[in-house]
Number of protein chains: 2
Amino acid sequence: MNMQQIRYFLALSEERNFRRAARKCNIAQPSLTNAIKALEQELGGPLFWRKRPRIEMSTLGDAVLPHFTRIAYELESMHATAKGLAGTPTFPAAERDFMMTT
Amino acid sequence: MNMQQIRYFLALSEERNFRRAARKCNIAQPSLTNAIKALEQELGGPLFWRKRPRIEMSTLGDAVLPHFTRIAYELESMHATAKGLAGTPTFPAAERDFMMTT
DNA sequence: CAATGTTACGATACACGTAATCATA
DNA sequence: TATGATTACGTGTATCGTAACATTG
């Protein structure tokens, strides 16, 4: 599983439409189909039911949604943290503590 | 970024040794080096300081560790959830709600 | 020199796009 | 028949392992 798949899943759960979700993620429609299919295979069941005109979440999809949401949040805040530290000299923790106590 | 990289990072932060961490992850040592290097590139700085005899966390490494820990936890509990639903007929949520209220 | 980390490099697998096909409202 | 999802397939990139090299205690 990769992080992109999580972004794709969340986009699809918001849009309920492969076309729009794919555009939102800046990928082609078939790529989204494949990514979601791989995710479903990994989790052992369908995440969405392909219905017209809108796609519906499956029970499994509903179950994993909050987990993916939290993971996405962690990733975002982590990147923000990393960005905040960019450029600063990141000494090893031990040395940093040493410097602070001196 | 992929989930493997997170597992690798956590293993390395526990072992503080590429050799042991790689064995723990069932990959070769050079693969771990490459994976960590890619992660460091993505986050914009070193996560570890390569010292003998033990590796030390950098400030950035310390900063992202709790995020990765929480992500790993989410993944684990999500897989447990998915496993619990495996085999059960996962109707679309709408239909399931319909069935429940009838 | 023994132990540990990094480069180099080739093979396999994966992600993505384009084009063609299928399904349904 | 128009819209939207899937399948087929080619291509570039990434991941991984083996082997050779570098470093340091």
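Visitor: What makes up the lining of the largest pocket, by class?

Guide: In this predicted model, where totals for chains, interfaces and linings use all residues, local features need pLDDT of at least 70 and side-chain atom pairs count only at pLDDT 80 or more. Residues are numbered from 1 along each chain as its sequence is written, chains are lettered from A and ligands numbered from 1 in the order in which they are written, and side-chain values use heavy atoms, without hydrogens and water. As for the lining of the largest pocket, 9 of its residues are nonpolar, 2 polar and 5 charged (Asp, Glu, Lys and Arg count as charged; Ala, Val, Leu, Ile, Met, Phe, Trp, Tyr, Cys and Pro as nonpolar; the others as polar).

Visitor: Which residues of the lining lie nearest the centre of the largest pocket?

Guide: Nearest the centre are A:Met3, A:Ile6, A:Arg7, A:Ala72 and A:Leu75, out of 16 lining residues. Two or more lining residues each come from helix H1 (3-15) and from H4 of chain A, and H1(A) gives the largest share, 7 residues. The pocket has a volume of about 350 Å³ (the space filled by probe spheres set on its grid points). A pocket is an open set of points on a 1 Å grid where a 1.4 Å probe fits, with protein on both sides within 12 Å along at least five of seven lines, and lining residues have an atom within 4 Å of a point.

Visitor: And how much space lies in the second largest pocket?

Guide: The second largest pocket holds about 250 Å³. It is lined by 14 residues, with B:Met3, B:Ile6, B:Arg7, B:Ala72 and B:Leu75 closest to its centre. H1 and H4 of chain B each supply at least two residues of this lining, and H1(B) has the largest share with 6 residues. By class there are 8 nonpolar, 1 polar and 5 charged residues.

Visitor: What makes H1(B) largely enclosed by the rest of the structure?

Guide: Of its 13 residues, 10 are buried, so H1(B) is largely enclosed (buried means under 20% relative accessible area, exposed over 50%, partly exposed in between). Among the buried ones are B:Tyr8, B:Phe9, B:Leu10 and B:Ala11.

Visitor: Why is the pair of B:Phe9 and B:Phe48 called tilted?

Guide: The whole structure has 4 aromatic pairs over all chains. In this one the ring centres are 5.4 Å apart and the planes stand at 45°, so the pair is tilted (centres within 6.5 Å make a pair; planes under 30 degrees apart are stacked, over 60 edge-to-face, the rest tilted). B:Phe9 belongs to helix H1 (residues 3-15) and B:Phe48 to strand S1 (residues 48-49), 39 residues apart, so distant parts of chain B are linked. Both B:Phe9 and B:Phe48 are buried. In chain A, ring pairs join A:Phe9, A:Phe48 and A:Phe68 into a cluster.

Visitor: What makes A:Arg20 and A:Glu15 a salt bridge?

Guide: Their side chains come to 3.1 Å, N to O, and the rule asks for a Lys or Arg side-chain nitrogen within 4 Å of an Asp or Glu carboxyl oxygen. A:Glu15 also bridges to A:Lys24, at 3.3 Å between the closest N and O atoms. Together with A:Glu14, these residues form a network: A:Glu14, A:Glu15, A:Arg20 and A:Lys24. The count over all chains is 10 salt bridges.

Visitor: Why is A:Glu15 called buried, and what does A:Arg20 count as?

Guide: The relative accessible area of A:Glu15 is 19%, so it is buried. A:Arg20, at 35%, counts as partly exposed, and A:Lys24, at 44%, is partly exposed too.

Visitor: How do you know that the pair of A:Arg70 and B:Glu74 joins two chains?

Guide: Their side chains meet in a salt bridge at 2.7 Å, N to O. A:Arg70 lies in helix H4 (residues 59-85) of chain A and B:Glu74 in helix H4 (residues 59-85) of chain B, so the pair joins two chains. A:Arg70 is partly exposed at 40%, while B:Glu74 is buried at 8%.

Visitor: How many helices and strands does chain A have?

Guide: Chain A has 5 helices and 2 strands (DSSP runs of at least four residues, H or I, for helices and at least two, E, for strands, numbered from the N terminus). From the N terminus on, they run α-α-α-β-β-α-α. Of the 102 residues in chain A, 41% are buried.

How values were computed:
Phe/Tyr/Trp six-rings, centres within 6.5 Å; stacked < 30°, edge-to-face > 60°. Buried < 20%, exposed > 50% of the residue type's maximum accessible area, 1.4 Å probe, protein only.
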